Amino acid sequence: MSQNIEYMKTVVLIIGANGQLGSVLTEALKQKFGNSNVIASDLRAREGYKDTFEIIDATDIDRIQEVVVQYKVTQIYHLAAILSAKGEETPLQTWDINMKTLFNVLEVCRKNNIEKVFFPSSIAVFGEGAPLENTPNNAYLDPATVYGISKAAGENWAQYYFLRYGLDVRSIRYPGVIGYQSLPGGGTTDYAVDIYHKAVLEEKFNCFLKEDATLPMIFMDDAIRATLELMDAPKEDIMTRTSYNIAGISFSPAEVVAEIRKLYPDFEVKYDPDFRQEIASRWPNSIDDSAATKDWGWKPEFDLESITTTMIQKLKAKYKKGSKNLETLML
Ligand SMILES: NC(=O)c1ccc[n+]([C@@H]2O[C@H](COP(=O)([O-])OP(=O)(O)OC[C@H]3O[C@@H](n4cnc5c(N)ncnc54)[C@H](O)[C@@H]3O)[C@@H](O)[C@H]2O)c1
C-alpha cells in the first residue's frame with residue numbers, strides 16, 4: 001500500500017522527448033506512471049502530441065527549474081544531446097550543448113532534491129585503447145569524437161554528483177538503437193534503421209559503413225526495458241555510477257542485408273563508406289555487459305532475426321497506412 005502511494009507521487013520530466021529514444025520512452029513512462037505524471041519536453045512542440053508538453057531548451061537552467069517546480073517533478077530523464085555523426089560538424093558547439101545541458105540538469109536535480117536522474121551514455125565513449133571484442137565496463141576510455149568525449153566526461157560528472165551530493169544518477173551506455181517507432185537523430189549506427197525503411201519501400205540502399213563494420217546494436221524495446229529496469233533497481237544495487245555497458249546483439253551491414261534478403265531477395269545495397277566508417281572503426285565490435293546483468297539483471301531479448309521480422313512487419317503496416325513522408329512515422 002505504501003509502495004502504491006509513493007508510486008503515484010512520481011512525476012517524470014523527459015528532456016529531449018521528441019528524439020528517437022525520447023518519443024518511445026515517453027510512451028513507456030506514461031504507461032508506467034500515468035499520462036498526467038509524465039511531462040515531455042524538447043526544443044519544439046511535437047505536432048499531435050496530446051499530453052503535457054513543455055518547451056525546454058536545456059541550455060537554459062532557469063527554464064528547467066521553472067518546469068520542475070511547476071509540476072513538482074521527482075525524476076528526470078535527460079536525453080537531449082547532439083549525436084556522434086552530427087556532432088562532428090560543429091565540435092565546439094556539440095561540446096557546449098552536451099555539457100551545458102548535463103550540468104544544468106545535474107544542478108537542478110541537486111538543488112531540488114530530485115529522487116532519480118537518468119543520463120544516457122554511449123558505446124562512443126570507447127576508442128583505440130579499449131579491446132574491440134567483449135569490451136569490458138571498465139575499459140580505458142579514449143574516445144575520438146567530440147560526442148564520445150562529452151559522454152565520457154558526462155559519465156564522470158554523473159559519478160561526481162553521486163559521490164559528492166548523493167544524487168541518484170543512473171546511466172546506460174546504449175549501443176546503436178534500432179526501432180520502427182521513430183527516426184534516428186544523426187548517429188553512426190543510423191544505417192541500421194534506414195536500411196529497413198529502404199527494404200520495405202523496395203528501394204536501393206546506400207550504406208555509409210563498410211559491409212563488415214560490426215557494431216553493437218540493440219532493439220528499441222530492449223533499450224527501453226533496460227532503462228526502466230535500471231531506474232527501478234534498488235539504489236544499493238547500483239554499483240556502477242559512471243555508466244553500465246549493455247549489449248543487445250552485434251552485427252555488420254552484410255549480416256543485416258543477408259537477413260533482409262530472406263524476405264526481400266532482390267534487395268540491393270551499395271557500400272559507400274564515408275566519415276562515419278572512420279568513427280565506427282574505433283568503436284567496439286561487441287560489449288561485455290556482465291556488470292549490468294549482475295547488478296540489475298539485464299538480459300536482451302531480441303536477436304537479428306527477430307529484429308528484422310519485427311522491423312519489416314511494423315514498417316510495412318506504417319507505410320501502408322500513411323504516406324512515404326517519414327515524419328508521419330513518428331509516434
Ligand atoms: N539512438 C541511439 O542509437 C543512441 C545510442 C547511444 C546513446 N544515445 C543517447 O540517447 C539520448 C537520446 O538519443 P536519441 O537517439 O533519441 O537522439 P535524437 O537526436 O533523436 O534526440 C535528441 C533530442 O534532444 C533534443 N535536443 C537537442 N538539444 C536540446 C536542448 N538544448 N534542449 C532540449 N532538447 C534538446 C532534440 O531536439 C532531439 O529531439 C542521447 O543522449 C544520445 O546520446 C542514443
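Predicted model: local features only at pLDDT ≥ 70, side-chain atom pairs only at ≥ 80, totals over all residues.
Helices (H or I, at least four residues) and strands (E, at least two) are taken as DSSP runs and numbered from the N terminus. Residues are numbered from 1 along each chain as its sequence is written, and side-chain values use heavy atoms, with hydrogens and water left out.

The shell around the ligand comprises 27 residues, of which Gln20, Leu21, Asp42, Ala58 and Tyr147 come nearest; a residue is counted as near if one of its heavy atoms lies within 4 Å of the molecule. At least two shell residues are supplied by each of α2 (20-33), β6 (121-122), α6 (146-165) and β9 (176-178). Helix α2 gives the most, with three residues. The shell divides into 13 nonpolar, eleven polar and three charged residues, where Ala, Val, Leu, Ile, Met, Phe, Trp, Tyr, Cys and Pro count as nonpolar, Asp, Glu, Lys and Arg as charged, and the others, Gly among them, as polar.

Polar contacts were examined as pairs of N or O atoms within 3.5 Å. A backbone N or O atom of Leu21 lies 2.7 Å from a ligand oxygen atom, and a polar backbone atom of Leu79 is 3.0 Å from an oxygen atom of the ligand. Asp57 places a polar side-chain atom 3.0 Å from a ligand nitrogen atom. Of the 830 Å² of accessible area that the ligand has on its own, the protein covers 90%, as computed by the Shrake-Rupley method with a 1.4 Å probe.

The ligand takes up the space of the largest pocket, a molecule being assigned to a pocket if more than half of its atoms lie within 2 Å of its grid points. This largest pocket has a volume of about 1400 Å³, a volume being the space filled by probe spheres set on the points. Among its 49 lining residues, Asn18, Gly19, Gln20, Ala81 and Gly185 are the closest to its centre. The lining consists of 24 nonpolar, 16 polar and nine charged residues, and α2 gives the most to it, with three.

The structure also holds one cavity of 30 Å³ or more. The largest cavity contains about 50 Å³ of space, and its lining residues include His78, Asn98, Phe119 and Lys151. Two or more lining residues come from each of α5 (91-111) and α6, with α5 giving the most, three residues.

Note on methods. Polar contact = N/O pair within 3.5 Å; in protein donor to acceptor, adjacent residues only side chain to side chain. 1 Å grid on protein atoms, 1.4 Å probe; cavity = no way out; pocket = protein on both sides within 12 Å on 5 of 7 lines; lining within 4 Å.
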